[in-house]
Amino acid sequence: MKDFEASVAFLGQWGRFQQVVFFLLAASIVPNGFGAFSLVFLTDAPAHRCLVPQVNLTQAWLDSIIPIEVVDGGRRPSRCSRLRLDVVRNLSAAGLRPGVGVNLSDLPREACVDGWSYSADVYRSTIVSQFDLVCRDQWKQPFTSTLYFLGVLVGSFFSGLLSDRFGRKPVFFATMAIQTLFIFVQIFSNSWVVFVVLLFISGLGQISNYISAFVLGNEILSGQVRVLFSSLGVCLGFAVGYMMLPLFAYFLRDWRSLLLATSLPGLLYIPLWWLIPESPRWLLSQGRVREAEAILRKAAEMNNVEAPQVIFEDVDVTKLHPKDRADVFNLLRTKPIRNTTAILCLVWFTLSTGYYGLSLNTSHLHADPYVSCFLSAVVEVPAYTLSWLALRFLPRRQSVVCILLVGGASLYLIQLVPEGVSQLAVALEMLGKCVITAGTALMFAYTAELYPTALRNTATGACTAVSRVGSAISPFVLQLSVYFRYLPYIVMGTLALGSAFAALFLPESFGRPLPQTIQQMHHRGSIRSVFLRKQRSKPAVLSESRL
């Protein structure tokens, strides 16, 4: 039997069929940019102070009942305590004035027993102000993001198994429907518990349809078009949604309105069911030769080319041994694949921790959270361009190592920036965000290149699931700044440098065709460091297969 790509070469690389698949799949990723980072605005805490009920107090005591605290060298009103109301009321009734005969620091304090008053300068409402996730319940702010990413973890893992078992297309649309539906249902949450349960379920579909669309496009497209799709197509679709998010949030400053705006675009993708086909490569791996050929003949009509009478010659479906079927244990069964999987999981974990840690930290970069979020989104455009250039011209392993080294070094250097040069610190953080984003985009393609068809989506889903552990803990990594301001950067930088060393032992895939069976993956040889064996790349086969 001829190689798959040789069998479908009659279609060409950039006909109408490929153009439709390319742009529709890229467009389907736009809502993912909304959902992934809407938490930046949904969980942001407006300025707040203890609510003082309507009681008979003089204006002087109303202005003084909230004590002043020193935080990070600055003075601000306390957010979680006030002077005891009954004491202040007695002093006011006695005609005493604060600071005149009364030492405010000697007066007893109490918690915000009557609730909080929230500033509406930036937001009309967030889930923090809606459900009072402050002070003793402040831990729920990062935990909300963690639960969302745990949903993403579970969804990415099981969607990979389901996609390899039942097909790319059904899982792609099912997870898109889950994401759209449960983002919409969150609007009706009447408590924090209900909100996070629905948020977890929406997370099941958030990255799952991204992975399914990514794998579907990589298995339908070929040659340089596939490289363009994997490095720029889906990634720029995500970046477009990310850049639109602060625009929506700026005009819709209520959390329910923002959720409605980010859920409705999902309805626009219903017609895609009749326009996006199943992966012929996956159908062939399942022995469904007639269905694969039917899709390719329809594609030939769209491209105005003539399909051969027999597209796949000498296909023997009995050769599809059960060990080539989708099975997550195949990722651990043999030493070469087990080592590759372990290193990939470490790199994915590191990149995800850094990517989401830096992205969720955007509200602290600039006084305006909308500007900060937009800057964080815009920096992804050069990052994806960088990943495309790396995929186009550079070996995969060396690219990953260099990206991790640059990202780790930039994060380490932030702590050395003088206090008065905050712009340099922001520039270093954006450099780290840029290269880590480029590394994340590159790893999708690199992982897909290393595994055979029967395991490709399972492997990508498993690596993404491990990476979601990193994204789940990233909100709490940011909380380490309470102990030392630069500790989050040190943790993320250390992970990056350690992963760069581990990545030296990954196999190279640059300029090689996609493996179609587990045996072909074994034939690539054992994992060796670049210092022990120099693997030569062959750019001449670039046009044949880059993924």
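1. Start with F173. Its relative accessibility is 12%, so F173 counts as buried, because buried means under 20%. Keep in mind that this is a predicted model. W273 has a relative accessible area of 36% and is partly exposed. The two residues return in point 5.

2. Now the whole protein. The secondary structure comes to 23 helices and six strands. There are 547 residues, and buried residues make up 55% of them. The protein exposes about 23,400 Å², and carbon and sulfur atoms supply 63% of that area. Look at contacts with a separation of 6 or more: residues 24 or more positions apart account for 82% of these.

3. Helix α11 covers residues 208–220 and has 13 residues. From first C-alpha to last, α11 reaches 18 Å, close to the 18 Å expected at 1.5 Å a residue. Is α11 mostly covered or mostly exposed? It is mostly covered, with 13 of its 13 residues buried.

4. Next, the aromatic rings. A pair of aromatic rings is described by the distance of the centres and the angle of the planes. How many aromatic pairs does the structure hold? It holds 28. One of them is F37 with Y242, a stacked pair at 4.3 Å centre to centre, with 20° between the planes. This pair links distant parts of the chain: F37 belongs to helix α3 (residues 30–37), Y242 to helix α12 (residues 223–251), and they are 205 residues apart. F37 is buried at 0% relative accessibility. Y242 is also buried, with a relative accessible area of 0%.

5. Back to F173 and W273. They form an edge-to-face aromatic pair, 5.1 Å centre to centre, with 70° between the planes. This pair also links distant parts of the chain, since its members are 100 residues apart. F173 sits in helix α9 (residues 168–185), while W273 is in the loop between α13 (255–263) and α14 (280–285). W273 has another partner. The charged end of K169 sits over the ring of W273, 4.4 Å from its centre.

6. Two further ring features deserve a look. Ring pairs link F37, Y148, F149, Y210, F238, Y242, Y355 and Y356 into a cluster. Elsewhere in the list of residues to check, R253 lies over the face of Y250, at 4.5 Å from the ring centre.

7. Now look at T437, in helix α20 (residues 422–450). T437 is buried, with a relative accessible area of 1%. What does T437 touch, leaving aside its neighbours within four places in sequence? It is in contact with Y355, E380, A383 and Y384. Y355 is also a member of the ring cluster in point 6. The C-alpha atoms of T437 and S387 are separated by 8.6 Å, although the residues are 50 apart along the chain.

8. Finish with the backbone. Most residues other than glycine have a negative phi. D132 is not a glycine, yet its phi is positive, about 55°. D132 lies in the loop between α7 (127–131) and α8 (140–166). N304 is not a glycine either, and its phi is positive at about 60°. N304 lies in the loop between α15 (289–302) and α16 (335–360). Are these two buried or exposed? D132 is partly exposed, at 27% relative accessibility. N304 is exposed, at 71%.

Conventions. Residues numbered from 1 in each chain as written. Predicted model: local features only at pLDDT ≥ 70, side-chain atom pairs only at ≥ 80, totals over all residues. Heavy atoms only, no water. Helix = DSSP H or I, 4+ residues; strand = E, 2+ residues; numbered from the N terminus. Buried < 20%, exposed > 50% of the residue type's maximum accessible area, 1.4 Å probe, protein only. Contact = heavy atoms within 4.5 Å. Areas by Shrake-Rupley, 256 points an atom, 1.4 Å probe, with all protein chains shown as cover. Expected span 1.5 Å × (residues − 1). Phe/Tyr/Trp six-rings, centres within 6.5 Å; stacked < 30°, edge-to-face > 60°. Lys NZ or Arg CZ within 6 Å of the ring centre and 35° of its normal.
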